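Have a look at the sequence and the model, then try each task before you read its solution.

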Amino acid sequence: MSVTVGAALKRIAVAILTNPKVLKTVGGIVLGIIIIIIMPIVAVVSIFSGDIEIDTGRLQTMVVENLSAEEQAKLQFVEDTMYGIEEEMEAAGFGGLRVTEAQVLFTLCLYDRAQEEGFISRLTGCFAEDQTDAQLIGAVNAAFGTEISSEEFSQIMDAIRSVYIDTSGYIDPYTKNNLDLVTWAKEAKDNGWGYVWGTYGSVLTKSYYNAKLEQYPEEIGGYAEFIEANWLGRRTADCNGLIKGYGWLNPDTHEVEYGTNGMPDIGADTMYTNASEKGTIDTIPEIPGLAVWHEGHIGIYIGDGKVIEAKGTKYGVVETELTAGGWTHWLKIPYITYIDGELGSAPEEKKIWDALYAKIGNPYGVAGLMGNLYAESGLLPDNLQNSYEASLGYTDASYTAAVDSGAYANFTTDSAGYGLAQWTVQDRKESLLAYKAEHGSSIADLDMQLAFLCHELETKFPNVLEKLKNASSVREASDYVLFHFEAPADQGESVQAQRAAYGAGYYSRCAFTPTED
């Protein structure tokens, strides 16, 4: 079972098992199936005590061995349907928590209708961008003739959202960088993380809370009643723990693993002291993912004059104005990589996205390819490689005109990159020139170049096309394009990270907006 499905099921079970009202509405076999599939079940049990150790492998084996053939078939049906929902939702451009919402609806509300023809497509069709829970449930009730309560659905999802970590939009979950730190911080704020001294992003179970209370009796003890009423069962962090939790996040398990990934367990003042790049707050550059600091406290600058900080026990993780925090200094966190997330606006970027999406059908793949195209040409179809303009004596416009008129005869042999993909080598430029002649267009015609690019992917680079169709992250797609399609001279880590950053920008900008007719 995929990590995504397993993690989703765990969250669903936690929500069910901690909500007696919901528990009464769920059929025994469905609840049994959910619990059987979850690994490890100890994560669910720990919600109640935090201290019970269970041989989860043996428990699962014992339960499955006692299922009837009919029950095993139901188990397989649930698992297959969960996979199908995940695949179809992602193909429709919905990832992360939206997939979980669809899986929750199937498991808790629509199980009896899941055998109906086209069930998954009908369920996926109920989803739209920027929906409220009430709007989603309204669409589901209209599509299936149900009477699901949006309030009860929201209660379930709120429990799930409060502990959910979504890395699907990260540039690279395995490389700690400033842009993914910003995404982490925004999700912590949006999901209502709490503040508890000495914590760093893990779920505040009762046993974890008791351990921290014993460790920090003065810092926590005075807020015990408030913490128990507001933050138990949620993820929590203190100010520096919000940064350390990102550094310690294992993207495979979605668990925060103490002391990992080269991020030391240090306080805010030591982090400032250890930074080699820093300055007074009046000199702060516009770089999302910088830290802002004053003695004893630290926050994360997310850009546009905004900061996300774990502000205090009675505030939790909140967004504040840079000018309102009393910050005295900024710093580059010394344990993460800083990459440029600035992405200029190309005139036809949405048209390019739509054309590539029609061929690829996977937003991660399209974004990874577009990030590379932006790095190569700025998404400008008449772009002549800058380093050749002086040596050839042409600008973008004059080079294009000379190729179109036939006045310049060395297009295929001059080794100059040109167009969206900066086609460079002779055989590819020959094919581009022939494609232009066949279509009777300018060499800089965007529609022609997009058609040629898709033709190349299908005929000359089928492995690249296959990877783009099946990539599960922007970074995965971006690296494959870099190595196997563009293949520039410099393919180092900084180039990989930068192109993936551009791709993440296009994923954010284009993946969740309607395609043009």
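Predicted model: local features only at pLDDT ≥ 70, side-chain atom pairs only at ≥ 80, totals over all residues.

Residues are numbered from 1 along each chain as its sequence is written, and side-chain values use heavy atoms, leaving out hydrogens and water.

**Exercise 1.** Find out whether cysteine 454 and cysteine 510 are buried or exposed.

*Solution.* Start with the cut-offs: buried means under 20% relative accessible area, exposed over 50%, and partly exposed in between (1.4 Å probe, protein chains only). Cysteine 454 has 11% relative accessibility, so it is buried. Cysteine 510 has 2%, so it is buried too.

**Exercise 2.** How many residues of helix 15 are buried?

*Solution.* Helices are DSSP runs of H or I with at least four residues, numbered from the N terminus. Helix 15 covers residues 239-247. Buried residues there include Cys239, Leu242 and Tyr246.

**Exercise 3.** Describe how helix 9 and helix 10 pack.

*Solution.* Two packed helices are described by the angle between their axes and the distance between the axes. For helix 9 (residues 133-144) and helix 10 (residues 150-161), the angle is about 125 degrees and the axes are 9 Å apart. Helix 9 is therefore oblique to helix 10 (under 35 degrees is roughly parallel, over 145 roughly antiparallel, 65 to 115 roughly perpendicular, and the rest oblique).

Methods: Helix = DSSP H or I, 4+ residues; strand = E, 2+ residues; numbered from the N terminus. Axes fitted to C-alpha atoms, helices over the stretch in contact; angles between N-to-C directions.
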